[in-house]
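Here are my notes on this one, written as numbered points. Keep the viewer open while you read and check each point as you go.

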2 protein chains.
Amino acid sequence: MNETSQQRQSNNLRAVRIGLDTHDQPVIITHRNCPLCRSEGFSAHARVRIGNGAKRVIATLYQIESDWLEPGQAALSESAWRLLNIHEGDEIHLSHPQPLDSLGRVRGRIYGQPIDRQAMNGIIADIAAGRYADIHTAMFLTTMASRGLTDEELVSLTEAMISAGERLEWPRSPIVDKHCVGGLPGNRTTPLIVAIVAANGLWMPKTSSRAITSPAGTADTMETLAPVHLDLAELRNVVEREGGCVVWGGAVRLSPVDDMLIRVARVMDLDAEGQLITSVMSKKIAAGATHLVLDLPVGETAKVRSRADADHLAEKLDLVASAFGMRSRVLITDGRQPVGRGIGPALEARDILAVLNNESDAPDDLRERSVELAGAVLELANVAEPDQGRALAEQTLTSGGAWKKFEAICQAQGGLREPPRAHRTLEILAEQDAEVVAIDNRRLGRVAKLAGAPGAPAAGVGLHVRVGDRVSRDQALYTIHADTLGELNYAREFALHNQDLIRLGQV
Amino acid sequence: MNETSQQRQSNNLRAVRIGLDTHDQPVIITHRNCPLCRSEGFSAHARVRIGNGAKRVIATLYQIESDWLEPGQAALSESAWRLLNIHEGDEIHLSHPQPLDSLGRVRGRIYGQPIDRQAMNGIIADIAAGRYADIHTAMFLTTMASRGLTDEELVSLTEAMISAGERLEWPRSPIVDKHCVGGLPGNRTTPLIVAIVAANGLWMPKTSSRAITSPAGTADTMETLAPVHLDLAELRNVVEREGGCVVWGGAVRLSPVDDMLIRVARVMDLDAEGQLITSVMSKKIAAGATHLVLDLPVGETAKVRSRADADHLAEKLDLVASAFGMRSRVLITDGRQPVGRGIGPALEARDILAVLNNESDAPDDLRERSVELAGAVLELANVAEPDQGRALAEQTLTSGGAWKKFEAICQAQGGLREPPRAHRTLEILAEQDAEVVAIDNRRLGRVAKLAGAPGAPAAGVGLHVRVGDRVSRDQALYTIHADTLGELNYAREFALHNQDLIRLGQV
């Protein structure tokens, strides 16, 4: 006993705060001569368990040989600082992490063994607690993508992801929701749908994600119009007052593991079907939705490339929905080109404002899609008769009712604001008189990303043409918006090497 | 032009050396207010390209908010420092990394598309140049493990790994080699075989690996007897003088990518067949071997668990060998229990010394295996007639010829030395009079690892019993050796929770 308590004493280091930003990866830096690391056999790149009272986190250890630190000190990343709730100068405790049993199940799956419900819970609980290194998470995501998820795995992964986070319950029903399986730049119907259906008395507590591999997620776009970083209590207040909201899902900790998986999937640039389904469904179910409309755009360069893929995805989404007692309706839509004009958070926000305000130059396609999907929600929730949803949605927009509701929601979320404008723009011109034959969603999305979206909210692409349009030589096809010269140059260079991302044909 | 050169100027930061040890992961730390990062849109956890003259490396960026750094400075990890060949105060250049085309092929394989020869070369070249984040390498290893490698992938991965490193050529033939597919603690035949066959005039330039998931690799064990960190020229000198060597493969940069893959595979705790085959064969071929004997121990807790698995592995090893014009012979051996007494670098080294010196208590099984395998090498290389190899090997040991040769090799590598002894030991005792029914290689290996092996070379396990032995209550089954109390406690705790790792039956 004595020996143990003495050892615990000597396993302590003094925490030093240096504002070390490593995103969400916990990192600890010690001096190479740290006596504790020596006695425990910790060397660089080791995984170590840090304790502060009852709180624990597993971090990657780096070591330095400089007077930045004394041997008895440890600098922690801000992520570790938050998870451990430390104060400057606190003593932290270092030890060897327990071997992770759940990793054995991940390895087992690599060799063909499906993951059962209990094992899935163990894996997700370990990820939620920060026990997986990025390498482990990448291994999990790759094997899930590699062999596809069984139906049982789809349900158990969704369930485990829900259990790892908060879950909303509402005093009434139906609670409606809508989700679009991305891949279509500028397809920002969500804020419009929320405004339309909430104006018709439905409750729609919408939590949205930030971009995974695209230049903007709905949360990124909405953030240029109003605060989206609301906690659970704030979200509830907004919905109880206005019937709807559009907030960032990560902040309310519905399915927080999803965000951890997304960060790694983004580095992998991997969009796997199973991850997509469980990501969507875990968030919807955790948000308390009872009725869900799903928008699956299909197009050669959209996320879903064929009708067959869309049908398969729709079947799996329905399967998970019904496993959790949710009613769902899938709409397969046209995904051959971007929707609206803007690609990037602020540029997309401007399109939304134009539609809500019934401006004469508002993008028709964005308006049409929003009306169609909002109509489907109104029908699914029995607010409109079958085939009458679309007309009701249309009228809600035209009357200004949707705009009024949107303004009220933004105010309730913390205040409506003006989307920012980029400091620099550059037009990409047509090289000849021609007709626009096709637009590559993916490469156009990449131009917007190279220009800085979504990190720089004002950055992105303003698209001036649609498939079928005639253009003259030197007419602007699209405008690149960027905040910095470096980013503008990256985007321009890629654009000039990929002139055919807007394919022009003989007139 | 002007703008570009001006921009290049402002993309520079002053390098600061803080001895940051991150193992081989390149890391760069800047101040949060670094104007360059702001203008380029670099945020924490981004991948950035660092340039110093013509040298380039891709690193993970972290940011701090402290007076440790000025905004115009950047601290680099020692790994980046080495790869870039920087001097303190040098100006380094930061830019966005190019998108990695080869990652698309890795993703493609996740969805079932085999990787062709050209794509494999691209992947391995990117890994060799440090362009893959750990997450990307984990994705590559997982998909290769997940679907197994096709024969074409086995050959192309081996070829790509050879191309990424140095390749030895020798002025004579045959050049012999031997490899054991691990999983058997203490199975340290290699130094004995090198000594025996070199004493018989053969050339055996042996490069060995460090431990992957085991408590000791041959290089770890040999390092307690002589320096193993030799470069290519030094290796060549030793072999030309003495006919044999046992050095660390990583230091001579034969198949350096293998070591990068192994580091990530170790965190994953993954031992995949394809990685195993390409790892072994790329090193042997790069080392210039023409004749190769492979030892595949089979046992329930060995790496290869069944005769069928061994046959499959043998077939694939032969396939790759013949694709590169190498003659090979596979021996399937008994893998039901550890070999020798020591498990851990120094403890295994003592077993080797005992066999070489014909000591009366030298472990019989280690001696027997070494003689059998060395005999197979002597026969394969036509130094012994068929069925005469074993007798020749036996005689080389008994006569002291092998010991003399081993001493000479150690001297040529930099000097024979005494293996270290651990500061603390603890015996694990039998709880009853019993017979030893089975020994779990894996869990016994874990005891040795928890005790500090291979990082602490003196740490590990000294095994006192073999399957079939009778033991009395309170007789020592094995002794744990550790340098620190912390490690001794981890190993003891695991041992006490896993009493059945040595299974005792009724007498």
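1. What percentage of the 507 residues of chain A count as buried? The figure is 56%. A residue is called buried if 20 or more other C-beta atoms lie within 10 Å of its own, exposed if 12 or fewer, and partly exposed in between, with C-beta atoms placed from the backbone.

2. A word on where this comes from: it is a predicted model, in which local features need pLDDT of at least 70, side-chain atom pairs count only at pLDDT 80 or more, and totals for chains, interfaces and linings use all residues. Residues are numbered from 1 along each chain as its sequence is written, while chains are lettered from A and ligands numbered from 1 in the order in which they are written.

3. Now the overall build of chain A. Its C-alpha trace spans about 80 × 50 × 45 Å along the principal axes.

4. Contacts come next. Two residues are in contact if their C-beta atoms, placed from the backbone, lie within 7 Å. Among contacts in chain A with a separation of 6 or more, 78% are between residues 24 or more positions apart.

5. Chain A is divided into domain 1 (2-95), domain 2 (101-147), domain 3 (176-413) and domain 4 (424-505), with bounds from an automatic or database domain assignment. Between the centres of domain 3 and domain 4 of chain A, taken over C-alpha atoms, there are 25 Å. Where they touch, 25 residues of domain 3 of chain A are in contact with 20 residues of domain 4 of chain A. On the domain 3 side, α14(A) gives the largest share, three residues. By class, that side of domain 3 of chain A has 11 nonpolar, nine polar and five charged residues. For the classes, Ala, Val, Leu, Ile, Met, Phe, Trp, Tyr, Cys and Pro count as nonpolar, Asp, Glu, Lys and Arg as charged, and the others, Gly among them, as polar.

6. Have a look at the sheets in chain A. Four strands make an open antiparallel sheet in the order β12-β15-β17-β13, and its edge strands, β12 and β13 (424-429), each pair on one side only. Strands count as paired if DSSP finds at least two bridges between them. Inside the sheet, β15 (460-463) and β17 (476-482) of chain A are antiparallel and share four bridges, with Gly462(A) opposite Thr479(A).

7. Ile502(A) and Leu504(A) are on its covered face, and Arg503(A) and Gly505(A) are on the uncovered one. In a regular strand the side chains alternate between the two faces of the sheet. Strand β14 (434-439) of chain A runs antiparallel to β18(A), joined by four bridges, and Glu435(A) stands opposite Gly505(A).

8. How do the two chains meet? 49 residues of chain B are in contact with 49 residues of chain A. On the chain B side, α6(B) gives the most, with 10 residues. That side of chain B has 20 nonpolar, 20 polar and nine charged residues.

9. Helix α10 (232-242) of chain B has Leu235(B), Val238(B), Val239(B) and Glu242(B) buried. Seen down the axis of α10(B), they fall within an arc of 95 degrees (from the directions from the helix axis to the C-beta atoms), so they line one face of the helix. These buried residues pack against α8 (190-199), β8 (204-208), β9 (244-248) and α17 (401-413) of chain B. After α10(B) comes Gly243(B), with a positive phi near 85 degrees.

10. Last stop: Leu184(B), in the loop between β7 (176-180) and α8 of chain B. Leu184(B) is buried, with 30 other C-beta atoms within 10 Å. Its C-alpha atom is 7.4 Å from that of Pro297(B), 113 residues apart along the chain.

Definitions and conventions. Helix = DSSP H or I, 4+ residues; strand = E, 2+ residues; numbered from the N terminus.
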